[in-house]
Amino acid sequence: QVQLVESGGGLVQAGGSLRLSCAASGIIFSINTMGWYRQAPGKQRELVAAITRGGRTNYADSVKGRYTISRDNAKNTVYLQMNSLKPEDTSDYYCNADIIPASSSGTNYWGQGTQVTVSS
């Protein structure tokens, strides 16, 4: 069974850094686009950053220059390096990936979420 497992969230002061990781497990044939979304209480889930298998990236305007998304295709893992964090970055962060399992057709998967809290 394919699943995404996130790690790396926590509490940090404004201006600090955190690194999120998301590993896909299971018998996987291929992973296409991987990304990170976030959802704060009372708000809609929004795309933070995404990266294609070939390494092309896309960022929300609010995080450009502060966040960096990367991936290790050999480890089926995507990372989100978050620098210069602001209180408004406080949210639950979710990993997302387009995965083709070895035994079925591809579909979109979500991780369980990891909480990031930035104190002022």
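Select serine 30 in this predicted model; the residue sits in strand 4, which spans residues 28-39. Its relative accessible area is 13%, so serine 30 falls below the 20% limit and is buried. Apart from residues up to four places away in sequence, the contacts of serine 30 are Arg53, Asp98, Ile99 and Ile100.

Next, select isoleucine 99, one of those contacts. Leaving out residues up to four places away in sequence, isoleucine 99 touches Val2, Leu4, Ala24, Ile28, Ser30, Ile31, Gly106, Thr107 and Tyr109.

In soluble globular proteins, nonpolar side chains tend to be buried together.

Now display the cysteine sulfur atoms. How many disulfides does the structure hold? There is one, formed by cysteine 22 and cysteine 95, with 2.1 Å between their sulfur atoms. The torsion about the S-S bond is about -80°, and the disulfide is therefore left-handed. Because cysteine 22 belongs to strand 3 and cysteine 95 to strand 9, the pair ties together parts 73 residues apart in sequence. Are these two cysteines buried or exposed? Cysteine 22 is buried, at a relative accessible area of 0%, and cysteine 95 is likewise buried, at 0%.

Move on to valine 5, in strand 1 (residues 3-7). Valine 5 has 41% relative accessibility; since this value lies between 20% and 50%, the residue counts as partly exposed.

For a distance check, pick the C-alpha atoms of valine 5 and alanine 40: they are separated by 20 Å, and the two residues are 35 apart along the chain.

The pocket is lined by 13 residues, of which Arg38, Ala40, Lys43, Glu46 and Glu88 are the closest to its centre. Colour the lining by class to see seven charged, five polar and one nonpolar residue.

Note on methods: Residues numbered from 1 in each chain as written. Predicted model: local features only at pLDDT ≥ 70, side-chain atom pairs only at ≥ 80, totals over all residues. Heavy atoms only, no water. Helix = DSSP H or I, 4+ residues; strand = E, 2+ residues; numbered from the N terminus. Buried < 20%, exposed > 50% of the residue type's maximum accessible area, 1.4 Å probe, protein only. Contact = heavy atoms within 4.5 Å. 1 Å grid on protein atoms, 1.4 Å probe; cavity = no way out; pocket = protein on both sides within 12 Å on 5 of 7 lines; lining within 4 Å. Nonpolar A, V, L, I, M, F, W, Y, C, P; charged D, E, K, R; others polar. Disulfide = S-S within 2.5 Å.
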